[in-house]
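Here is a short briefing on one protein model. Look at the structure first, then work through the points below.

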Amino acid sequence: MDHSKSNHGLPAKEASNWPGVQQKNAYARLVQQHHSGRFTFYLNYIAQQLQLEEAGHGDIVFDRDSTVGGLQEGSGRNGLHSNTLSSYERSSVSRCETGSAVGDPNRKGEVETYRIGRHGNEDGDFDPKEKAPSQSRPNILCANLQSPKGNCDFESQKESQPEKQMSKSQPCLKGVSREILSEGGDRRGFSRIRNKSECASSPPSVDRKRQLSESHSESMFNTQTLASPLQTGTARGTTRSSGNTPNDKKYNKTKRRNIFDDYLSKEEVSAGMKRGELIQGSLRINPKKFHEAFLPSPDGVRDIFIDGVVSRNRALNGDIVVVKLLPREQWKVVKAEACDGDRTPAITGTAQNAAASHHLRDGSESPDLIIEAQFECGIEEDLRSRLSFNAKNETKDKPVKIEVDKAQSNPTHQSHMKDDGLQKTAKVVYILEKKHSRAATGFIKPMTDKNGELAKMYALFSPVDHRLPRIYVPLSDCPADFLIRPRDFASTLFICRITAWSADSNFAEGKLMKSLGQAGEIEPETEGILTEYGVDFSEFSNNVLQCLPQNLPWAIPQEELERRRDLRKECIFTIDPATARDLDDALSCKLLPDGNFEVGVHIADVSYFVEEGSALDLMASERATSVYLVQKVVPMLPRLLCEELCSLNPMSDRLTFSVIWKITPQGKILEEWFGRSVICSCVKLSYDHAQSMIESPDKLLAVRELPPMSPDYTVEEIQQAVLNLHLISQNLRRQRFKDGALRLDQLKLSFTLDKESAMPQGCYIYKYRDSNKLVEEFMLLANMAAAHKIYRQFPELALLRRHPPPQTKLLNDLIEFCDQMGIKLDFSNSGTLHKSLNDQFGADEYSAARKEVLTNMCSRPMQMAVYFCTGMLKDENLFHHYALNVPLYTHFTSPIRRFADIIVHRLLAAAIGRGPPLKMPQEAVQKQADHCNDRKTASKRVQELSADLFFSVFVKECGPLESEAMVMGVLNEAFDVLVLRFGVQKRIYCNALPLQGSHFQQVGKKPELTLVWSPEHAGDEPVQQVISIFTLLEVVLKSDNVPLKYTAVLKRPGAVN
């Protein structure tokens, strides 16, 4: 191997002896050339390494793939950017980048390369949901040293811990180093829409080789094993033998230290919970920065921060965990302080994120437009970056000084700091329930050390989702010719399931389940999404199918007809999307002699077919919800029920559960009746049909314009019923918002598909019209009526749905942001927010776009609505539904697709004496409620990913696509936009544009980014463009040369289409 150059790129004669000589010479030269405080710190760092090297080898060895990029991660994720270093500092950094090999000199195949600076921070995927790493941290590499000026970044110090454990530096093995880097060792990232890590200053990468080589890169999880001992309370546990697999002692000749803490015992957890020393909650891992995790705080003010994979202790996203708070001096500082004493909004290094989530699209075709479904989980790190100004950016008028992220870095200052400037930090000590499916989609590759013992037995599986660990999978699970032709499988998606993850390993163990197919294709990607989120899309078992009626065609038994109210002679119809097949609600409206109306909501009586405790019931309770993808539905119930026997198809007798009101034209309810019934729908109207009737009340639709309808009713009768329902619904809606309801409408993308290939042919923003509002109002009214009915009868057993108020801290951030932007919104309650949001803007297109952006921001602090058992929540005030502003609410109207509704139907039947008592005790009802919450969240995420998938394919097949876009957030080298034509959010990077430069500043308290465009022609003057929040822009969406990846390109000002 060629050793003509040393690790630091010096001539061979200067490196002919032990490598320490060359480093000392380099040290001497650097001392003579530069003496700045920051650079002195680098010199101290090098000096410490020399001391460590001179201390001898010891018996410390490193795990294969466990330390690559340690410095890269330690610096990249903490805001180390080459553009912020001096030219000489970049020069010194580049010398480090050439690689200083460490470890056993006899293990040449295991040389690791450390890199710092910009390259280590680039990511192959830049997605609208991603966010940038901190721009607020000092650009200093720390190795347990204190900066001469006190500006040492604790995060960098933490992430650089492996340097302490390196015993000797060895000459760089160029070939090996080059091989490692080609495997992705010098870069994090995988260009996939489900990967969420990025640098605000880095443009998207289109390097397919890097994209496919490693979903995490070699450093993804390694850095986290080097977290501060302060997080874990234990000594560092990163020195590991390279040839070992978890639970395989054959190669474990040196005893390995634990990387993760051992879990507490159940007894210790129970005792700690009783003493209030431990906190339980659902873990939420930041999809954009996998090393950040959060847990809801019991005080509801600010989420608890869990920093790093080590502190997460092998828990995965969604798991119910128990955490122990770290000492107060280790809490996270979240306030930035301006030099002139002025305060900027709450920001941190980990909070400079792009809050561009894909929470705009819902693949459901259901007609039940439940209002709280608009709100997604309020992610604290998302909102803060959306609302914050990048305090790292220096301005001419107001330079900003950022306090370090860890409070203990300045303990004297921290001891006097108020708690509102701190965020509690914790570590996971126990996993109560593994909610995550432990399944992942990803790619397989041979082990880097291809000649090692480990490579003869295992391949490395790299999940698409950065939040999951890399996984050792047996070669016996891999394709037969994988080792011979590994490149043939570089773009093949696989499904892997984690089977174990020991405390002494960065990597989990797993089993390769199956090959999905080519990455980027719709069906393989869809199956991967479903598997990852634990959606059961298998065929129903024979035991389940045996619970269905066996004698087909099925007819309602005569004795059942006699027990029900017969409504088959009433004018009853459904209003649904044109493509809907599971019709679970119908409406009726009859004018009474006194001028009032008899209005009925008729819901499919699914509980008649799903007997409590049956195999069918158990399967439905497990699935909990139907999952609506763009191209198909994964049903909760067998299709015989959801599309035939229970679906309220026209001109077919169907069993229903009805609520019928006597109601005034103004919407005042005079009487109410609940009961089991039988109906025969006269026609299946689409929303378009109903909308045409509403928009043209004097124009009678022709029979040929409608679907097949019952001969017993005329088009005029049906149209008049629709118009009467519309009149009443308008009054109901007006009164509901007058009483304080809130609605935050966000853009929803819909697709038209080719009938043969199911590929997207077109896409459009779904319009929410009067016909949708008509159905929504009566579904809401029925749900509220059902909630009151079952709660009055079963105050300890009712299954209701509550919507907590917005998260306090996030709401305060939003209020501060609006104040700084001069936006007058009243956040006193849901009603005042709705009124002020709608009164804020005019009716022109620009105002409508501003409203879309602000609505998106207002949705961030909102929490998810959840099911609960009333007996398990003693404070009735907590039953309140914030968005609807009603005391009691539940789900009754969609039992074909929601299991919670089936339970409500059973409770209703028992309440009116038309069914047996519910067999489930309180605890079981609450457990089922929790499960329904989990599956609803997973279902919604799957719907979003399905829409993302189809839109990515659409851009590839039909792009480039032009659209107006409005700026949602401004960073120092990038800005986020809402693409108005399609409702998607994207980040645009300055260094991806043909600019001469850019300049960030704060005008007052408003962030502003000035772009200086390079002249198109020689002799032309540069063009300046100012970017601020609510700026209207022209963008082009273009597909990248990688699957499922597209970018937004800003059009030059004045460019001609």
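Helix H21 lies across strands E19 (572-576), E20, E21, E24 (653-663) and E25 (669-680), and runs at about 95° to E20. This is a predicted model, in which local features need pLDDT of at least 70 and side-chain atom pairs count only at pLDDT 80 or more, while totals for chains, interfaces and linings use all residues. Residues are numbered from 1 along each chain as its sequence is written, and side-chain values use heavy atoms, with hydrogens and water left out.

**The sheet**
- Seven strands form an open sheet in the order E18-E25-E24-E21-E20-E19-E26, with mixed pairing.
- Strands E18 (565-566) and E26 (684-686) stand at the edges; each has a single partner strand, so one side of each lacks a neighbour in the sheet.
- Strand E20 (residues 585-591) runs antiparallel to E21, and seven bridges join them.
- Cysteine 589 has valine 599 of E21 as its bridge partner.
- Two strands pair if DSSP finds at least two bridges between them.
- Helices (H or I, at least four residues) and strands (E, at least two) are DSSP runs, numbered from the N terminus.

**Helices**
- Helix H25 (residues 899-911) lies across E21, E24 and E25, at about 65° to E24.
- Helix H19 (residues 687-695) packs against helix H21 (residues 770-793) at an angle of about 105°, and their axes are 8 Å apart.
- That makes H19 roughly perpendicular to H21 (65 to 115 degrees).
- Axes are lines fitted to C-alpha atoms, for helices over the stretch in contact; angles run from 0 to 180 degrees between N-to-C directions.
- Tyr687, Ala690, Gln691 and Ile694 of H19 meet Asp770, Ser771, Asn772, Leu774 and Val775 of H21 (contact means heavy atoms within 4.5 Å).

**Serine 607**
- Serine 607 sits in the loop between strand E21 (597-604) and helix H17 (615-623).
- Serine 607 counts as buried, at 12% relative accessibility (buried means under 20% relative accessible area, with a 1.4 Å probe and protein chains only).
- Its side chain makes a polar contact with the side chain of arginine 676, at 3.1 Å.
- A polar contact is a pair of N or O atoms within 3.5 Å; within protein, one must be able to donate a hydrogen and the other to accept it, and residues adjacent in sequence count only if both atoms are side-chain atoms.
- Leaving out residues up to four places away in sequence, serine 607 touches Arg676, Ile902, His905 and Arg906.

**Arginine 987**
- Arginine 987 lies in strand E33 (residues 984-989).
- Arginine 987 is buried, with a relative accessible area of 5%.
- The side chains of arginine 987 and aspartate 976 make a polar contact (2.9 Å).

Key: Angles under 35 degrees count as roughly parallel, over 145 as roughly antiparallel, 65 to 115 as roughly perpendicular and the rest as oblique. Buried means under 20% relative accessible area, exposed over 50%, partly exposed in between (1.4 Å probe, protein chains only).
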